[in-house]
Amino acid sequence: MAGHSRQTTHHNHCIRETQLDRLIKARKNGKFRQIVEPGTLRFLEFATLQLEQGERHSLETGFREHLLDVFSGTITLTINTEGHSKEIYSKIGIRTDVFSGPPVMSYIPPSSQVEIKADSAADLGIFSAPSSTFNAAALMEGATVSSKQVGRDNWQRTVYSALDQNVPAEHPLAGETLNPPGNWSSFPPHKHDCSNPPHEAVLEEVYYFRFKPAQGFGFIWTYTAAGDPAGFSYVFMVEDRDTVLLPISPRRRCARL
């Protein structure tokens, strides 16, 4: 999700058109979990990271730009970018969970060495997309994260946009959507698999779901337009820490109805 990343708190190489490919169920496996593996989608990869206070995690971005979302806890982030300056973001993140305020995110350029130090127990999301250009590292917090109320009645929700036009990234967009209990999101229904401006833009998406309480659940419908020659329609029941993929395929023909 150009690549489009939506991690939603309702959270917002082709992929085969099967349910198992699109829905990735949560599982406990300790510190680091690569949820969207390299090559699964055309652009996006996604992993989660959980650290105890004092623990560190290092990574190299290679030819990909990265986005770090601090779901909860406080971290110190050090970014060394080849041929550019060193950035240190000290003690960023203040949320106890994703439901207790707007997100704090950081854009990390390609060709960077990164160290994440947990100043408290921390829960993180790491997104990435290929990049052929250099853009400076950026921290999105406070006033740089926009917030707006969208929808009405039982589809009203809060949309936080952290990485949008405010940061000159090559591919990713990122934000979180917070839904009141029982409310619908992404309503009216819409999709991003066909180029049909101004009604629809092509955006690859990853949705990562969190629920409070954790035994909550929801439904997501992904579909194509009626009459699409390569059409599909899937409804998934999602639970806490499940991930849903909304891929795009350059080989699909799109109906313009």
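Which residue in β10 is the bridge partner of F46? In this predicted model, the partner is F127. F46 belongs to strand β3, residues 45–51. F127 belongs to strand β10, residues 122–130. The two strands run antiparallel and are joined by 7 bridges.

The side chains of this bridge pair also meet. A total of 8 aromatic pairs was counted. One of them is formed by F46 and F127, with ring centres 4.3 Å apart. Their planes are 20° apart, and the pair is stacked, because planes under 30 degrees apart count as stacked. The two residues sit in β3 and β10, so their pairing ties together parts that are 81 residues apart in sequence. Both F46 and F127 are buried. They also belong to one aromatic cluster, together with F71 and Y208.

A contrasting geometry is found at F217 and F219. There the ring centres lie 5.9 Å apart. The planes stand at 90°, so this pair is edge-to-face. F217 is exposed, with a relative accessible area of 52%. F219 has a relative accessible area of 49% and is partly exposed. The cut-off explains the two labels: exposed means over 50%.

Strands β3 and β10 are part of an open sheet. This sheet has 6 strands in the order β2-β3-β10-β5-β8-β11. Its pairing is antiparallel. The edges are formed by β2 (32–36) and β11 (138–140), each of which pairs on one side only. Neighbouring strands are turned against each other by 20° on average, direction ignored. In general, the strands of a sheet pair through backbone hydrogen bonds.

Another open sheet is built from 3 strands. Their order is β1-β18-β15, and the pairing is again antiparallel. Strands β1 (23–24) and β15 (205–208) are the edge strands, each pairing on one side only. β1 pairs with β18, residues 243–246, in the antiparallel sense over 2 bridges. Within β18, T243 is the bridge partner of I24.

Confidence was examined along the chain. The mean pLDDT of the protein is 86. Of its residues, 88% reach 70 or more. Residues 1–20 have pLDDT below 50.

Note on methods
Residues are numbered from 1 along each chain as its sequence is written. This is a predicted model: local features need pLDDT of at least 70, side-chain atom pairs count only at pLDDT 80 or more; totals for chains, interfaces and linings use all residues. Side-chain values use heavy atoms; hydrogens and water are left out. Rings of Phe, Tyr and Trp (its six-membered ring) pair if their centres lie within 6.5 Å; planes under 30 degrees apart count as stacked, over 60 as edge-to-face and the rest as tilted. Helices (H or I, at least four residues) and strands (E, at least two) are DSSP runs, numbered from the N terminus. Buried means under 20% relative accessible area, exposed over 50%, partly exposed in between (1.4 Å probe, protein chains only). Two strands pair if DSSP finds at least two bridges between them. pLDDT is the predictor's confidence in each residue, from 0 to 100. Contact means heavy atoms within 4.5 Å. Axes are lines fitted to C-alpha atoms, for helices over the stretch in contact, and angles run from 0 to 180 degrees between N-to-C directions.
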